[in-house]
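Colleague: Could we go through this structure together, one part at a time? I would like to begin with the strands.

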Amino acid sequence: MLQQIGAALDEHRPLRVRNHGLIALEASVTASAKEFGNERQGKTRSAARSRERPTRRKGTASGPRSASPPPRVSRDVLRAAYEGQLKCVTEAYPSLRTFPDDDGMWLLARSSIIPGLEREATFLVALPYRSEVGPRAWGFWAAAGSCSWIGPRHTNFRDGSICAFSPNDGAWFDGGDLRTLLDLYSAWAARHLYLEVFDRWPGKQYGLTGADPLVQAYYRLRECKDNELCGCGSESRPYAECCKPSDRRMEIEGASRFLRHVPGGFSTRQPPLSVVEFVEGRSEIPRMKCVHLQIATR
Ligand SMILES: [Zn+2]
């Protein structure tokens, strides 16, 4: 199953995410999904685009709109958009729990990823009611009596939060469908599972979109394996046959530029202690403004 998921990602075929966060392959689920009507699209831009947008459905404040750029939405509108979805999000992710916060709402949800997996992915999601700061989420593997952070590949610098999509790729936007958001995290966890088993990140990937080319080059050198699709976003070329030769020529200059761009470097990809302690059941839910970097710095 995991092998097939990796192959689908490498071929840019859309994944579907069914209830409980179970990843399914497009072709194999069509019949049962139509019957039960409970499958959803997972990661990949085409999948996200083809999915019905929540803003075009009842219960949200604004009319149809394109994925980018998202308009500013007021705090009350965002709150209403999220609170109005909780029933259907609970149907999709039955373990869902929510926690109020001065700055938004916390979601805690578990995802099964693939049938028979003896652990589950747990996602803790900070969902601000403030437009343009975006959600911040952390993933953990939870098995009997143990809990371990999912990372560091494709997590954010400074806080180890999930990087499952780029803010400007249209996969999700403020006020959007929370099932889609959790589905994106589920697909991200499936990719991590594939990485763990097959030692290779499956499918298309980006690193530090929009950053200085030297910084991107150094990031790819440190992160991409030769047989993964290149971190420049290539859909066909493995890293060794794409940017790696030119990245190597920029390595020394890239390293110093990288450290200026990312103080502390790769080691900063660690979840905040208060997030870990909460997920492990050792403390109360953290204050969002203490762990969500965009809120904390405003
Ligand atoms: Zn490349």
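Colleague: How many bridges join strand S7 to strand S8?

Modeller: This is a predicted model. In the model, S7 (residues 136-143) and S8 (residues 146-149) are joined by four bridges, and the two strands run antiparallel.

Colleague: Which residue of S8 does Ala142 stand opposite?

Modeller: The residue opposite Ala142 is Cys147.

Colleague: And what do S7 and S8 form?

Modeller: They form a hairpin, with two residues between the strands. In the turn, Gly145 has a positive phi of about 75 degrees.

Colleague: Now to another pair. How do S1 and S2 run, parallel or antiparallel?

Modeller: Strand S1 (residues 15-18) runs antiparallel to strand S2 (residues 22-25), and four bridges join them. Arg18 has Leu22 in S2 as its bridge partner.

Colleague: How many residues lie between S1 and S2?

Modeller: There are three residues between these strands, which form a hairpin. His20, in the turn, has a positive phi of about 70 degrees.

Colleague: Is the crossing of H1 and H6 left-handed or right-handed?

Modeller: The crossing is left-handed.

Colleague: Which residues make the contact?

Modeller: H1 contributes Leu2, Ile5, Gly6 and Leu9, while H6 contributes Ala190, Arg191, Leu193, Tyr194, Val197 and Phe198. Eight of the contact residues are nonpolar, one is polar and one is charged.

Definitions and conventions:
Residues are numbered from 1 along each chain as its sequence is written. This is a predicted model: local features need pLDDT of at least 70, side-chain atom pairs count only at pLDDT 80 or more; totals for chains, interfaces and linings use all residues. Two strands pair if DSSP finds at least two bridges between them. A crossing is left-handed if the near helix is turned anticlockwise from the far one by less than a right angle, and right-handed if clockwise. Two residues are in contact if their C-beta atoms, placed from the backbone, lie within 7 Å. Ala, Val, Leu, Ile, Met, Phe, Trp, Tyr, Cys and Pro count as nonpolar, Asp, Glu, Lys and Arg as charged, and the others, Gly among them, as polar.
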